[in-house]
Protein chains: 2
Amino acid sequence: MQNNTKPLSDLEIALQSPMQPITAIAEKAGIPEDALELYGKHKAKIDTTKLAHLQADAKVVLVTAINPTPAGEGKSTVTVGLADAMKQLDQKVMVALREPSLGPVMGIKGGATGGGYAQVLPMDEINLHFTGDLHAITTANNALAAFIDNHIHRGNELNIDPRRILWKRVLDMNDRSLRHVMVGLGGPAQGVPREDGFDITVASEIMAIFCLAKDYADLKQRLSEIVIGYTYDRKPVFVKDLAVQGALTLLLKDAFKPNLVQTIEGTPAIIHGGPFANIAHGCNSIQATNTARKLADLVITESGFGADLGAEKFMNLKSVQGNLKPDAVVIVATARALKMHGGVDKAELKGENVEAIKNGIENLAQHIQTIRKFGVEPVVALNRFITDTTAELEAIQDWCKANNVKIALTNVWEKGGEGGLELAKEVLAVLEQPNNFKPLYNMEDSIESKIETIVKEVYGGAGVKISDQALKQIADIKKHGWDQLGVCMAKTQYSLTDQPKLLGRPTDFTITVREVIPKLGAKFLVCLTGDVMTMPGLPKEPAALRMDIDEDGNPIGLF
Amino acid sequence: MQNNTKPLSDLEIALQSPMQPITAIAEKAGIPEDALELYGKHKAKIDTTKLAHLQADAKVVLVTAINPTPAGEGKSTVTVGLADAMKQLDQKVMVALREPSLGPVMGIKGGATGGGYAQVLPMDEINLHFTGDLHAITTANNALAAFIDNHIHRGNELNIDPRRILWKRVLDMNDRSLRHVMVGLGGPAQGVPREDGFDITVASEIMAIFCLAKDYADLKQRLSEIVIGYTYDRKPVFVKDLAVQGALTLLLKDAFKPNLVQTIEGTPAIIHGGPFANIAHGCNSIQATNTARKLADLVITESGFGADLGAEKFMNLKSVQGNLKPDAVVIVATARALKMHGGVDKAELKGENVEAIKNGIENLAQHIQTIRKFGVEPVVALNRFITDTTAELEAIQDWCKANNVKIALTNVWEKGGEGGLELAKEVLAVLEQPNNFKPLYNMEDSIESKIETIVKEVYGGAGVKISDQALKQIADIKKHGWDQLGVCMAKTQYSLTDQPKLLGRPTDFTITVREVIPKLGAKFLVCLTGDVMTMPGLPKEPAALRMDIDEDGNPIGLF
């Protein structure tokens with residue numbers, strides 16, 4: 001950071017960072033020319049059918065975090081910075097990230113492309129439409145909705161009960177007014193009136209499927225298995241009953257190819273897919289991770305929200321379905337965020353407060369325990385902020401030492417890969433050792449048992465309360481023979497409990513499962529606990545107010 | 001067409017036609033390498049800021065048609081075939097087309113990329129997501145909707161009346177259930193309940209603006225001028241009041257660059273923008289046409305629907321705003337379509353029926369008269385169908401001869417450019433002569449007078465009835481000083497009247513203008529006559545049912 005001047009914004013740093021042609025990045029990554037489809041000079045799609053001969057055998061480092069707070073943890077930034085550090089250490093490394101949703105970009109949040117000198121480029125394009133993947137998913141999702149309503153309007157041969165349609169429309173926008181809508185109004189020529197709602201695109205089951213499918217055949221198969229609702233006599237209706245899985249697959253055919261970009265330091269990055277980490281599993285696509293594993297020796301990837309949601313699902317869902325495993329896990333924490341977990345308000349973060357850190361560190365302790373339960377020894381990345389005091393950082397380091405936890409200071413926002421060298425060395429040491437990775441449950445366990453395992457082992461809860469509605473749904477799921485699927489907990493990301501305001505490491509709490517929704521295409525059962533937001537709203541002053549372009553079309557004000 | 005075998009589908013012909021790398025097409029078209037942004041191997045965007053030094057001085061041939069019928073006319077096919085014929089005649093030619101909307105592709109219609117051996121390639125990609133332009137427009141449109149509802153939810157400082165919001169949401173999908181919806185349901189945290197509706201993306205004012213804007217500055221200026229609704233005290237509310245024109249422009253920045261593709265015969269084609277030809281002006285973007293005019297000596301372009309809608313708007317709106325003029329006009333007609341205008345049902349089209357043609361040709365006569373009124377001598381392209389009889393074709397040719405109308409037979413579906421040589425020669429002859437092109441009205445004329453001019457001179461109507469509501473709206477428009485804009489008639493495409501079932505050339509009819517809606521960004525006033533469909537529905541058996549991909553991701557069943 002420059003002295004005596006306003007620090008540069010992420011966008012300004014990104015725009016002044018020179019990029020290599022994506023063809024050069026691809027060549028160094030070993031991607032054959034005929035597998036590369038350029039999208040402008042600095043983005044490309046990879047035709048994975050041309051890489052079928054390669055083994056997906058690179059080691060995988062998963063970057064996760066404590067429960068997120070408004071203070072910010074910098075998980076994507078550490079992911080990018082760690083990859084750049086590995087490159088500085090001469091590792092053949094690729095980074096595999098989720099792609100950002102436009103809705104939050106227009107709203108409040110920073111991008112999902114890292115920050116400072118640990119960013120993927122071109123950050124403006126990645127954060128806007130990128131290569132159109134999310135738009136293709138939106139289109140496929142809404143085409144299916146239109147096919148459903150059209151089927152009912154045109155005679156409803158399948159006997160679909162319009163009151164029991166599960167399939168919602170989506171937009172890649174923060175738009176609270178679309179959460180609950182009535183559609184089909186205006187008379188008999190305008191469709192059948194019914195209650196409906198819009199989710200944000202990343203909450204679509206198609207996004208989850210897109211990220212879990214191995215190849216086109218698997219993609220189509222999974223799409224065909226989506227339950228879109230029930231008939232008047234309560235039989236499930238599948239996409240295959242509408243016979244539109246081919247059209248949906250066709251709409252996704254180009255989007256399904258992973259996207260290649262680069263970090264500021266020229267490390268190849270694959271950015272592909274980005275499902276929610278609450279009602280979905282929160283990881284980039286299996287195709288992306290496994291493509292990176294074919295091309296590199298080491299893949300740095302991330303999962304959504306904190307380790308209780310994203311990492312748990314990376315290990316119990318993505319790893320199992322994608323036939324991969326984490327060889328090392330990094331847990332990102334900051335002094336600021338730990339202070340918030342220790343009870344400090346965001347407005348009070350500036351002052352030194354070692355006591356709060358000592359309380360808040362219990363949140364980190366729970367996530368360390370979780371990762372160890374999966375058979376992996378985690379490394380804590382203590383991501384420095386300019387306001388952190390030495391006493392605060394030492395408190396965290398001392399705690400780790402006392403508890404036999406590996407920890408490394410990182411400073412990648414300011415220094416790029418160089419700021420991640422200490423972390424990289426710790427991670428490489430972990431990678432030297434084989435681990436005993438194992439998912440926490442077996443698919444054959446009962447649904448209730450799978451939920452209980454997660455609540456007790458991952459959240460540190462005392463038990464599970466399953467609502468009458470959820471019990472009925474579980475009975476139905478068993479009746480249909482869908483119970484041997486993974487469990488996808490839809491819980492607030494802010495707390496280990498289902499209460500967003502309970503920070504730190506609460507004990508003796510019970511998690512209430514209100515509903516269990518089968519997502520057969522994604523091959524998991526979504527367990528709703530508390531209110532889970534699937535369509536965000538905009539703040540009073542949306543980020544959009546600062547956005548603009550100059551006369552040559554260059555972006556302004558994007559973060 | 002092959003004998004004794006099932007004729008190939010458009011998709012099969014397209015997939016088996018070899019393509020040149022788009023870099024080769026660009027080089028031959030004289031596009032500098034630094035102006036080219038590749039989207040895969042066969043699509044590219046053109047950065048027009050790199051062509052600022054070139055003069056847009058090519059001649060323009062506009063292809064239009066008689067009023068469309070279910071028999072099909074083949075306007076895009078003739079446009080492509082004519083360009084290929086011109087290339088065969090050693091003209092330095094480019095074709096400039098509208099880009100297809102995904103909604104109709106999923107529904108019923110063929111693509112908008114021509115047919116047979118007169119197609120633009122890659123037809124599957126162009127008809128699906130192409131380079132994402134329509135998705136960017138959808139996103140900008142719906143971001144604006146979200147900003148409006150968020151503003152009201154967050155305190156409504158601008159005093160916007162939720163009952164008087166003009167701005168609708170859009171999707172690029174045929175989805176009748178979204179025509180009339182209630183949004184903002186579910187309680188105080190979920191926005192403000194109000195009536196709303198979705199149009200198809202091509203009906204968005206942003207699409208019209210996108211196609212009429214000269215450059216980024218003009219684009220942003222026009223976006224800022226959109227009237228999104230009225231306050232409780234009936235004052236107009238503009239996008240600039242919400243201060244989001246910068247964000248909307250940013251969302252459109254890459255989409256705004258024209259797309260380069262190629263025809264089956266390797267003629268460079270620019271495909272960019274595609275507004276409705278009823279509530280908008282129905283032509284590809286001014287940027288696309290003028291970029292083609294910079295690069296080629298001759299540009300073949302088309303307008304939407306029949307000459308009463310598309311060509312009228314090309315001449316009175318696009319030409320005026322874009323500082324261009326049509327140097328020649330082609331009117332496409334088929335024997336089959338003329339039979340329908342002569343009273344024959346679609347089911348009865350197979351048999352020879354010269355009498356019906358003699359009646360139906362009056363529809364063509366009206367459009368010929370229209371083009372002549374604009375000061376241009378048209379050429380009729382009689383587009384052959386395999387079932388046409390010699391007597392039918394001769395009846396049309398004889399009529400043209402008797403009425404001093406230039407006519408050429410075309411057979412481009414079967415023969416590509418070769419099938420358009422006769423037409424190309426007729427057009428070249430017309431281009432030899434200067435024309436006296438002039439719009440039919442002056443912007444200074446009163447709104448009523450501009451409407452009456454179009455109704456009498458273009459539709460052949462006797463007069464105009466303006467509803468009380470429209471009279472009130474016109475008074476308001478005058479009060480605001482918006483009356484010196486062009487008039488954009490929103491009328492059924494099937495008839496010269498406002499009654500879709502009145503084919504041929506009706507006389508002594510009156511057009512009723514029910515509403516006049518200011519579109520200040522597009523710089524025209526939309527005059528609604530009859531019911532104008534702005535969100536299509538799907539048929540009972542959507543085209544999607546036939547669509548699929550094979551295991552390598554190749555498309556199946558797309559037309």
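A: Two strands count as paired if DSSP finds at least two bridges between them. The model discussed here is predicted.

Q: How do you know that β12 and β13 of chain B are paired?
A: Strand β12 (residues 227-231) of chain B is joined to β13(B) by 3 bridges. The rule asks for at least two bridges, so the two strands pair, and they run antiparallel. B:G229, for instance, stands opposite B:V237 in β13(B).

Q: What makes β7 and β13 of chain B edge strands?
A: The open sheet has 3 strands in the order β7-β12-β13 (chain B), with antiparallel pairing. β7 (160-165) and β13 (236-238) each have a single partner strand, so one side of each is left without a neighbour in the sheet. Ignoring direction, neighbouring strands of this sheet are turned by 50° against each other on average. Helix α6 (residues 133-153) of chain B lies across β7 and β12 of chain B, at about 135° to β7(B).

Q: What makes β21 and β24 of chain A a pair?
A: There are 5 bridges between β21(A) and strand β24 (residues 524-528) of chain A.

Q: Why do β21 and β23 of chain A stand at the edges?
A: The order of this 3-stranded open sheet is β21-β24-β23 (chain A), and its pairing is mixed. β21 (486-490) and β23 (515-519) have a single partner strand each, so one side of each lacks a neighbour in the sheet.

Q: Why is the contact between A:R169 and A:D149 called a salt bridge?
A: The N to O distance between the two side chains is 2.7 Å. The cut-off is 4 Å, so the pair qualifies. A:R169 is in strand β8 (residues 169-171) of chain A and A:D149 in helix α6 of chain A, 20 residues apart, so the pair links distant parts of the chain. Over all chains the count comes to 62 salt bridges.

Q: How do you know that B:E157 and A:K540 form a salt bridge?
A: Their closest N and O atoms are 3.9 Å apart. With a limit of 4 Å, the pair therefore counts. Between chain A and chain B there are 8 salt bridges. The count of residue pairs in polar contact between these chains is 31.

Q: Which element gives the most to the side of chain A that touches chain B?
A: Helix α6 (residues 133-153) of chain A does, with 10 residues. By class, that side of chain A has 37 nonpolar, 17 polar and 21 charged residues.

Q: How many residues are in contact between the chains, and what area do they bury?
A: The contact involves 75 residues of chain A and 75 residues of chain B. The two chains bury about 6,200 Å² between them, 61% of it on carbon and sulfur atoms.

Q: What is the omega of the cis peptide bond between A:L121 and A:P122?
A: Omega is about -5°. A:P122 is in the loop between β6 (118-121) and α5 (123-127) of chain A. In chain B, the peptide bond from B:L121 to B:P122 is cis, with omega near -5°.

Terms used. Residues numbered from 1 in each chain as written. Chains lettered and ligands numbered in written order. Predicted model: local features only at pLDDT ≥ 70, side-chain atom pairs only at ≥ 80, totals over all residues. Heavy atoms only, no water. Contact = heavy atoms within 4.5 Å. Buried area = accessible area lost by both parts, 1.4 Å probe. Polar contact = N/O pair within 3.5 Å; in protein donor to acceptor, adjacent residues only side chain to side chain. Helix = DSSP H or I, 4+ residues; strand = E, 2+ residues; numbered from the N terminus. Nonpolar A, V, L, I, M, F, W, Y, C, P; charged D, E, K, R; others polar. Axes fitted to C-alpha atoms, helices over the stretch in contact; angles between N-to-C directions.
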